[in-house]
Amino acid sequence: MKFKKIFLHIGFDKTGSTALQKCLKINSDLMLNEKIFYVPTRYSTILGSFFSTNPKHFIFNKLKRPNLDIDSINISDKKTMDIFINDLNKSNSQYLIISCEGLAYLDKYGHEALYLFLQEYSSEIEIICYVRSPVSYVKSAMSQRVKTGFTSWTLFDIPIIP
């Protein structure tokens, strides 16, 4: 196996995941000295899209790449995954940390595919999931959406975490 252990952080949005990711990014060079490889965000967001059973409707693509058709999404994801896999194979780290809010939105089959992929790199995978009270989440998510200039949710499209 490539890594002794993989830490997979699946943090829903509005749970403090971004703060954790900023801390990991700032300290990524220090962690590399300790044989810990933190996967940059550009890879972890594509992991969700790549393993999604419906990439066109995956949250990252809906928010960040809404104008791409499914073929363009698949080509982009494949290119990024090839670079990511190359980086994993070149790494001499003993531990791997992946953190991504979008992974929480994968369905059962997407999670299974991601898990099988990660098992190729380590037999020990620890999953860490950040959650938040649903009522508190909805209030915060709706407020954040309005603050950033987006239309708030409609009655039939409220922010419900799967």
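How many aromatic pairs does the structure hold? There are 5 aromatic pairs, where rings of Phe, Tyr and Trp (its six-membered ring) pair if their centres lie within 6.5 Å, with planes under 30 degrees apart called stacked, over 60 edge-to-face and the rest tilted.

Before you click around: this is a predicted model, where local features need pLDDT of at least 70 and side-chain atom pairs count only at pLDDT 80 or more, while totals for chains, interfaces and linings use all residues. Residues are numbered from 1 along each chain as its sequence is written, and side-chain values use heavy atoms, leaving out hydrogens and water.

Select Tyr 43 and Phe 84. They make a tilted pair, 5.1 Å centre to centre with 40° between the planes. Tyr 43 sits in helix 3 (residues 41-51) and Phe 84 in helix 5 (residues 70-90), so the pair ties together parts 41 residues apart in sequence. Helices here are DSSP runs of H or I, at least four residues, and strands are runs of E, at least two, numbered from the N terminus. Phe 84 is buried at 0% relative accessible area (buried is under 20%, exposed over 50%, partly exposed in between, with a 1.4 Å probe and protein chains only).

To see the cluster linked by ring pairs, select Tyr 43, Phe 50, Phe 51, Phe 84, Phe 117 and Tyr 121.

Next stop, Lys 35, in the loop between helix 2 (28-33) and strand 2 (36-38). Lys 35 is not a glycine, yet has a positive phi of about 70°.

Finally, pick Cys 23. Its sulfur is 18 Å from the closest cysteine sulfur, in Cys 100, too far for a bond; a disulfide needs two cysteine sulfur atoms within 2.5 Å.
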